[in-house]
Amino acid sequence: MTDILLKIDRLCLQFDSKFLFKDISFDGMAGDIVGLFGPNGSGKTSFLNVISGIQESTSGSILYYSGSPKFKTYFDISTFKGGIVRTFQIPELANSLSVADHLLLADSYFSMNICSLINPVNYHTQRNISCTPKALKYIRRFGLESKLQNILSTLSYGERRLVANICALLTGSRILLLDEPFANLSIQACDIFKEIVLEEINSFNKMAIITEHNPDNMISFATRYMHIQNQKLIELPIETLNESKMRNMLYTMSIEYG
Amino acid sequence: MDNLIHGLTIGSIIAFVAFGYALIYSILRFINFAHGEIIMVGAYICYFLYHTLGISSFFLSCFFAMLITGMVGVGLEKIAFKPLRNRSRLSMLLSSLAVSLILQSLASLIFGTSPRILTDFDPTITVLSKTFYVREIVVMIVLPFLAIAFFLSLKYTQIGLAIRAIASNQARAAHIGIPINTIISISFFIASSLACLAGIALGMEGGLTPSMGFKYSIWAFAVSVIAGLGSMKGVLIGGLLYGILLNYAIAYGSGLFADALSLVAVALILLIRGKGFFQIKLREF
Amino acid sequence: MDYLASVSAHILLYFIFIAGLGKYILGKSSVWSIGHIAFWGLGGLVVGSLTVDFGVNAWIALLASVLFGIIISFLIGLASLRLDGDYFVILSVSLSELIRVIAIEYRGPGGFNGIIRPTFFGVSLENDWLFIVLALCPFVIATIIITLRLEQLHLNRIFLLVKENEILAKSFRYNPVYYKILIFCIGSFFATLSGGLYSLFIRGTDPSTTTLYQGVLLFAISLLSGINTLKGVLLGALLFVAAPRMLEYIITAPGSATYSYNIIQLVYGILLLIVVLLTSRVPVYQK
């Protein structure tokens, strides 16, 4: 039984008199992994901004989990029912905190539970583990366990992105908006991340919208294939993504479409 | 009715001061705490020109005082704010506080803390059997003129366009070749000259003391918050209204009552409304 | 009054204040409480009026002042911390002026007189050193312990996250406003406490310690040395207490006390400006 987690109806975003996108409608269901493509400047990131509440739409409605939070800021939406989480093209992180800190902060257990606030989980002092088993499991799969206590500012760009991505998964939000999560990651890291995302999506009935430039990253991973272009959101059959010949053909066609 | 006029005068002065704050805030995004002291500086400069140097025409003294104060403002900006502009906002704030301290103590050292009389004349005119001070009328007339002139130039002149550009995005404005430093200097000049005018008006009413600017600072802050930081339209209207209300509060209660009331009112407005009335719509995400 | 006792007491009291402002508010949040001295003044005002005008026991008055400080800081925080920090700065500065003016209106520029020191389980604290050891030191020690302990809690992590990156905090479902208000209340708690204790020490209140000038100096000192370590807090307190006394010694100016007061104020202003201009290049203070 697939429930609709995200229902977007005739969404418009306008700057001054120019429309970035116009009358976009979309239904996101549990289990969806949406690959969102489009040329630079087409509005992929703005689309995610609007869905997550970071930017306000000009018109149109968005329903989250069949309801709507009273206020539509990022915080209100992220705490509404199943939540929403967003990663950014430039990873948003706290540079003076360690990887373990991020994992602890992200984990939904900690943010949901008041008693956990005064839980004396040691801060600087303990050099051995200090994060939840699930986070540890993910970190180990990426081989980052040795960097748990490292401050974020000392990590490489790819490692930072990995941390940001993992934290997004750990928040427990059922709607994931990932903005170019594969940038700067090695192929192995990409594969591992895809496995993890699939696990999360299937075990917890989540959905993800992933913006990407390179279709190769999304082959055999995405369940839906969408383009934002010329102010419209177009969905193409998933086969066209997986079959490179068909993809190239349709790609050239969609450019002419504009 | 007298109360109303007096309130309008106070309000005009507060509006002048708040306008200066708003202008600087909208361009540099920081609250210039030293601005309140510029009022005082302007008044003392006029005093110096009129009494110490003995310039015979009061108007000339005022005129030159405004010019000089404007230059002082520009100079302060170059020394204390410009080097910090791209650093942190907190630094600029602290710097403006430091400047305010310096100005106040300098004034105390040079002129002493006992009030100085700016002018021994304080002309009044009688219209329809009601007596008004000329300076009140002047301030009340100059303000709308200035406001109109300012907003017209914002909209229709090159400089105005430049100011708006810088206000909306400083980095980009610099990128497309707008001479930021010049425009900022001009803005400081305008704001400081206006403050000087306010100081002269105040000086004619009471005496000059080193701390005369501070009180108006606090009031101007309240107006800035209520109107929305950086909103130049808002502070003009808000300043006038605030002045009227303040005057009533002082008349019926006391100065303290007025101050307390205004702080409570500001806090309440923020609590309920969540932003200033004319606040440029900033998306809080 | 024993000079050494007076200096020691001042150092201890400002230690508590700077701990609240520096370690908590400036160290764990991005709140710029420039008018924080308001709470020092509030502490003294409440203790003064309750003990002198209403004959309340000094400890209870102290407790009441602290509660009052928390309530006021909560309201101010609630009103302004949802918004851009500049609104808060304005409210903070306005509050400090307001409290100073209220104190002067209420009791004149000399402040309260004749505050009676409390007793410590029956032991009279009239002797300065006794007061320091039995009343001030416990609070200072408590401050130190609480501060160190807090840093081991998960809550501390959240504070730092909110301070550094609000968007990320929101992603993790922490409401930045709650935490900013909380840290502000904690910082105000310490400030009110130290102000109240101060009035108990000097057996009165001194509105000249609550001017914006003093407040700004304390803010600057807290910012420069009181953010990271408690040693830094102590250093800041030492600096704040020792500097004017040393300056007075050096600048034996002819003329009235106001004259030297103004010279000192001028020196402070210039020093502050120089320090701000120099340290602005240090990345730590960039925000």
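## Confidence

The model as a whole is predicted, and for chain B the average pLDDT is 81, with 95% of the residues scoring at least 70.

## Chains B and C

The contact between these two chains involves 37 residues of chain B and 40 residues of chain C. On the side of chain B that touches chain C, at least two residues each are supplied by helix H4 (89-111), helix H9 (212-227) and helix H11 (255-273) of chain B. The largest share of that side, 14 residues, belongs to H4(B).

Sorted by class, the side of chain B that touches chain C is made up of 26 nonpolar, eight polar and three charged residues.

## A sheet in chain A

Chain A contains an open sheet of three strands, in which the order is E2-E1-E4 and the pairing is antiparallel. Strand E2 (18-29) and strand E4 (59-64) of chain A each have a single partner strand and stand at the edges, so one side of each is left without a neighbour in the sheet. Neighbouring strands are turned against each other by 10 degrees on average, when direction is ignored.

Strand E1 (residues 4-15) of chain A pairs with E4(A) over five bridges in the antiparallel sense, and A:Leu6 stands opposite A:Tyr64 in E4(A). Helix H1 (residues 44-52) of chain A packs on this sheet, where it touches E1, E2 and E4 of chain A, and its direction makes about 120 degrees with that of E1(A).

## A helix pair in chain C

Helix H6 (residues 154-164) and helix H8 (residues 176-201) of chain C pack with their axes 10 Å apart, at an angle of about 110 degrees. Because angles of 65 to 115 degrees count as roughly perpendicular, H6(C) and H8(C) are described as roughly perpendicular to each other. The crossing in which H6(C) passes H8(C) is left-handed.

On the side of H6(C), the contact is made by C:Ile158, C:Phe159 and C:Val162, while H8(C) contributes C:Pro176, C:Tyr179, C:Lys180 and C:Ile183. By class, the residues of this contact between H6(C) and H8(C) divide into six nonpolar, no polar and one charged.

Conventions. Residues are numbered from 1 along each chain as its sequence is written. Chains are lettered from A and ligands numbered from 1 in the order in which they are written. This is a predicted model: local features need pLDDT of at least 70, side-chain atom pairs count only at pLDDT 80 or more; totals for chains, interfaces and linings use all residues. Two residues are in contact if their C-beta atoms, placed from the backbone, lie within 7 Å. Helices (H or I, at least four residues) and strands (E, at least two) are DSSP runs, numbered from the N terminus. Ala, Val, Leu, Ile, Met, Phe, Trp, Tyr, Cys and Pro count as nonpolar, Asp, Glu, Lys and Arg as charged, and the others, Gly among them, as polar. pLDDT is the predictor's confidence in each residue, from 0 to 100. Two strands pair if DSSP finds at least two bridges between them. Axes are lines fitted to C-alpha atoms, for helices over the stretch in contact, and angles run from 0 to 180 degrees between N-to-C directions. Angles under 35 degrees count as roughly parallel, over 145 as roughly antiparallel, 65 to 115 as roughly perpendicular and the rest as oblique. A crossing is left-handed if the near helix is turned anticlockwise from the far one by less than a right angle, and right-handed if clockwise.
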